[in-house]
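Here is a short briefing for a first look at this structure. Keep the sequence and the 3D view side by side while you read.

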Amino acid sequence: MKSQKYIPIILLASIVMLGTACKTFVVENVNYAQQIESVLVPDENGNVHDVRHGITFNVTPFQEQEFGVEDSAKTEIKEVRLIRNAEGYYFITANNFKNVYVMEPGKGNLRLRNKIQVSEERLSAPAFNLRDASVQLVKTDTNEVLTMNENGLQENSNDEEEEES
C-alpha cells in the first residue's frame, strides 16, 4: 500500500528529468550555407518561394525599404537574389537595389540584422557567390566583386594581392 503512494511521485520525477534532458540536446557545428544563390520570381502578391531551400516570404517590405512607400507601387521587382551563409543569415538583394539586406531567421519571420549599402547607383545585374566564410556580391555589369559577412563589407583579398604585385 505504501509503495503505491510513491508511484505518482516517481512518475512525475521521471517526466521532469526526461523533459529536462530533451531541452539540453544540442547539435553543434551546423553549417547552414546554401552554396548556390537562389533567383526567385515574385508572384502577383509579392511572395517568393524557394522550393529547394524551403523558404517563403514577401518582397514588399524590401521594396518599401529601397524605394519608399510611395514609389514601391511603381517599381516592380522581377527577380530576388537570395543566398544563406554558414551562420544561417540570409543575404537578399535585387535589380535596382542599392543595398544587400542581411536577415536573421526567427520564428515565422526574417529580422533585419544589417543593411549593407553596396552601390551609390542602383544595381543592374547582381549575383551572389559563397566563398569560404564570406558571401560575394558580383556586379556582373562591371565585374566588381564585394565580399561581405553578416556584419558588413570586408576587404577583398584579391584587391590587396593585385596592389602588392
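Gln136 touches Ala127, Phe128, Asn129, Arg131, Val145, Leu146 and Thr147, leaving aside residues up to four places away in sequence. The model is predicted. In it, Gln136 sits in strand β9. Gln136 is buried, since its relative accessible area is 14%, and buried means under 20%.

- Strand β9 (residues 134-139) and strand β10 (residues 144-149) run antiparallel, and five bridges join them.
- Which residue of β10 stands opposite Gln136? That residue is Thr147.
- A hairpin is formed by β9 and β10, with four residues between them.
- Asn143 lies in the turn of this hairpin and has a positive phi of about 60°.
- Strand β11 (residues 152-154) also runs antiparallel to β10, and three bridges join these two.
- Thr147 has a bridge partner in β11 as well, namely Gln154.
- Two residues link β10 to β11 in a hairpin.

**Overall layout**

- The protein has three helices and eleven strands.
- Read from the N terminus, the order of elements is α-β-β-β-α-β-β-β-β-β-β-β-β-α.
- The protein has 165 residues, and buried residues make up 36% of them.
- Take the contacts between residues at least 6 apart in sequence: 44% of these join residues at least 24 apart.

**Confidence**

- Mean pLDDT for the protein is 87, with 85% of residues at 70 or more.
- Where is confidence highest, and where is it lowest? Strand β7 (residues 110-117) is highest, at a mean of 98. Helix α3 (residues 157-164) is lowest, at a mean of 46.
- The pLDDT is below 50 over residues 159-165. Beyond near neighbours in sequence, this stretch has one contact in the model.

**The largest pocket**

- The largest pocket holds about 270 Å³ of space.
- It is lined by 15 residues. Closest to its centre are Phe57, Phe62, Met103, Asn109 and Leu110.
- Four elements are listed as giving two or more residues to the lining: β3 (55-58), α2 (60-72), β6 (99-105) and β7.
- Which element gives the largest share of the lining? It is β3, with four residues.
- By class, the lining has nine nonpolar residues, six polar residues and no charged residues.

**Strand β3 and its partner**

- One face of β3 is covered and carries Ile55 and Phe57. The other is uncovered and carries Thr56 and Asn58.
- Strand β2 (residues 47-50) pairs with β3 in the antiparallel sense, over four bridges.
- Asp50 has Ile55 of β3 as its bridge partner.
- In the hairpin of β2 and β3, four residues lie between the strands. Gly54 takes a positive phi near 70° there.

**A buried glycine in a loop**

- Gly88 lies in the loop between β4 (80-84) and β5 (90-94).
- Is Gly88 buried or exposed? Gly88 is buried, because its relative accessible area is 4% and the limit for buried is under 20%.
- Gly88 touches Tyr32 and Pro105, not counting residues up to four places away in sequence.
- From Gly88 to Val30 is 58 residues in sequence. In space the two are 9.1 Å apart, C-alpha to C-alpha.

- Most residues other than glycine have a negative phi.
- Asn29 has a positive phi, near 60°, and is not a glycine. Asn29 lies in the loop between α1 (2-23) and β1 (38-40).
- Asn29 is exposed, with a relative accessible area of 80%.
- Asp132 is not a glycine either, and its phi is positive at about 50°. Asp132 is found in the loop between β8 (126-131) and β9.
- Why does Asp132 count as exposed? Its relative accessible area is 81%, and exposed means over 50%.

Definitions and conventions
Residues numbered from 1 in each chain as written. Predicted model: local features only at pLDDT ≥ 70, side-chain atom pairs only at ≥ 80, totals over all residues. Heavy atoms only, no water. pLDDT = per-residue confidence, 0-100. Contact = heavy atoms within 4.5 Å. Buried < 20%, exposed > 50% of the residue type's maximum accessible area, 1.4 Å probe, protein only. Pairing = 2+ DSSP bridges. 1 Å grid on protein atoms, 1.4 Å probe; cavity = no way out; pocket = protein on both sides within 12 Å on 5 of 7 lines; lining within 4 Å. Points joined across faces, edges and corners; volume = space filled by probe spheres on them. Nonpolar A, V, L, I, M, F, W, Y, C, P; charged D, E, K, R; others polar.
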